[in-house]
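Please consult the sequence and the structure shown below while reading.

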Amino acid sequence: GEEYDDDNNAPPDHPTIASLLHVLGNVHARSDESSNDEARRWYESSLAMKKRLYGNRSYHPEIGRTLNGLALLLLADASSFGRGGHAPKLSGGGDPDGRAEGTDWDVALR
C-alpha cells in the first residue's frame with residue numbers, strides 16, 4: 001500500500017482518514033505478513049493527523065486510542081527483546097477497530 005508522510009503526498013486532514021490510518025495500523029499489527037514497524041508507521045501517521053485535527057491534547061479520545069495502539073506495539077516489541085525472536089502479533093477480540101476491550105492483553109504482555 002501507499003504510505004503517506006507529513007512532507008510528501010499527504011492526504012487531507014479529516015477525522016475519517018485519520019481513523020482509517022489507525023485501522024491500517026491495526027491490520028498490520030495483527031498480520032503475520034507485516035512487521036510491527038509497518039504498523040507503527042501507520043499509527044504514527046494517524047497520530048500526526050489527529051494532533052493536527054484535535055490539537056496536541058493527549059486526552060482527546062481519538063489521540064488516546066492511537067497512543068494505545070502504539071503502546072501495545074512497544075509492549076510486544078519489548079516482550080521479545082533479547083529472545084532472538086520476532087515480536088508476537090497482537091490479536092483482537094470482537095472489536096475490529098482495536099479498542100482496549102478487544103485487545104488480548106495476555107499476548108501483548110508476554
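## Terms and basis

Helix axes are lines fitted to C-alpha atoms over the stretch in contact, and angles run from 0 to 180 degrees between N-to-C directions. Helices are DSSP runs (H or I, at least four residues), numbered from the N terminus.

The model is predicted: local features need pLDDT of at least 70, side-chain atom pairs count only at pLDDT 80 or more, and totals for chains, interfaces and linings use all residues. Residues are numbered from 1 along each chain as its sequence is written, and side-chain values use heavy atoms, without hydrogens and water.

## Helix α2

Helix α2 covers residues 36-54, and its end C-alpha atoms lie 26 Å apart, which agrees with the 27 Å that its 19 residues should span at 1.5 Å a residue. That expected span is 1.5 Å times one less than the number of residues. After α2 comes glycine 55, with a positive phi near 85°.

## Packing against α3

The angle between α2 and α3 is about 160°, and their axes are 9 Å apart. The two helices are therefore roughly antiparallel, a term for angles over 145 degrees. Their contact (heavy atoms within 4.5 Å) comprises 9 nonpolar, 4 polar and 7 charged residues.

For α1 and α3, the angle is about 20° and the axes are 11 Å apart. This makes α1 roughly parallel to α3, as angles under 35 degrees count as such.

Conventions
Parallel < 35°, antiparallel > 145°, perpendicular 65-115°, else oblique. Nonpolar A, V, L, I, M, F, W, Y, C, P; charged D, E, K, R; others polar.
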